[in-house]
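Subject: Structure handover

Hello,

Here is the structure for you to look over. Please read the notes below with it open.

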Amino acid sequence: MLRLILASQSPARTKLLTEAGIRHTVLVSDVDEDAVQARYGVTDPHDTALLLARAKAEAVAALPEAEGALVLGCDSVFEFDGEAHGKPYTAAVARERMLRMSGNTGVLHTGHWLVDCRDTDPDGDAPGTGATLGTVASAEVSFLDMDAAEIDAYIATGEPLHCAGSFTIDGLGGAFIRKVDGDPHTVVGLSVSTLRGLLAQAQVRITELWTAS
């Protein structure tokens, strides 16, 4: 049976795949994101998202458990005023960012990287392509005006501290989003239509991963 491994510990990403009917398992990488960025010196938010997605996918693809599977790595970076915003981790950082974001617009970049770990034996019936490829899906996010009390209440829930850009669209943070220009799944952290395109390049139809198939 065709296997897809999600190289991400994000509950939102695995929930999205589950709700989209896509059969998968989760195997988290031990990638040090700061070390990867320091090594390559990438500062552009778009490129950073792709670089980290690739690092996660390739780290998991190198594990014995990934043999014979397709591995998908994802990473999201929020671009605001030309700056790259990852996870804030602290309340102070989240508050400063959200006060600036109030009533304004930014771009959420989600990098996707797919590695085909299936057998590529040219003398057999192996379906593997050896593909290792990726792309970035981006969506513009516009925020409503948020007052300080609302921001503090939101931060107190802990939700924004571990989300790129200090917000979610599929949780409490959705109350502060005015509109999204682009694929909303991108803002969650994984574009299903982008995954479909990557799978096609590895000669796999996404329907082969549907749980109902």
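Predicted model: local features only at pLDDT ≥ 70, side-chain atom pairs only at ≥ 80, totals over all residues.

Residues are numbered from 1 along each chain as its sequence is written, and side-chain values use heavy atoms, with hydrogens and water left out.

**Cysteines**

The structure has 0 disulfides (a disulfide is a pair of cysteine sulfur atoms within 2.5 Å). C74 is buried at 0% relative accessibility. C117 is buried too, at 18%. Here buried means under 20% relative accessible area, exposed over 50%, and partly exposed in between (1.4 Å probe, protein chains only).

**Helix pair**

Helices (H or I, at least four residues) and strands (E, at least two) are DSSP runs, numbered from the N terminus. Helix 4 (residues 91–101) and helix 5 (residues 148–156) have axes that come within 10 Å and cross at roughly 140 degrees. Axes are lines fitted to C-alpha atoms, for helices over the stretch in contact, and angles run from 0 to 180 degrees between N-to-C directions. Helix 4 contributes A91, A94, R95, M98 and L99 to the contact, and helix 5 contributes A148, I151, D152, Y154 and I155. Contact means heavy atoms within 4.5 Å.

**H24**

H24 sits in the loop between helix 1 (11–19) and strand 2 (25–26). H24 is buried, with 17% relative accessible area. Its side chain makes a polar contact with the side chain of T14 at 2.5 Å. A polar contact is a pair of N or O atoms within 3.5 Å; within protein, one must be able to donate a hydrogen and the other to accept it, and residues adjacent in sequence count only if both atoms are side-chain atoms. A polar atom of the H24 side chain also lies 3.0 Å from the backbone oxygen of I22.

**Positive phi**

Most residues other than glycine have a negative phi. D81 has a positive phi, near 55 degrees. D81 lies in the loop between strand 3 (70–80) and strand 4 (83–85), and is exposed at 61%. S166 has a positive phi near 70 degrees. S166 is buried, at 0%.
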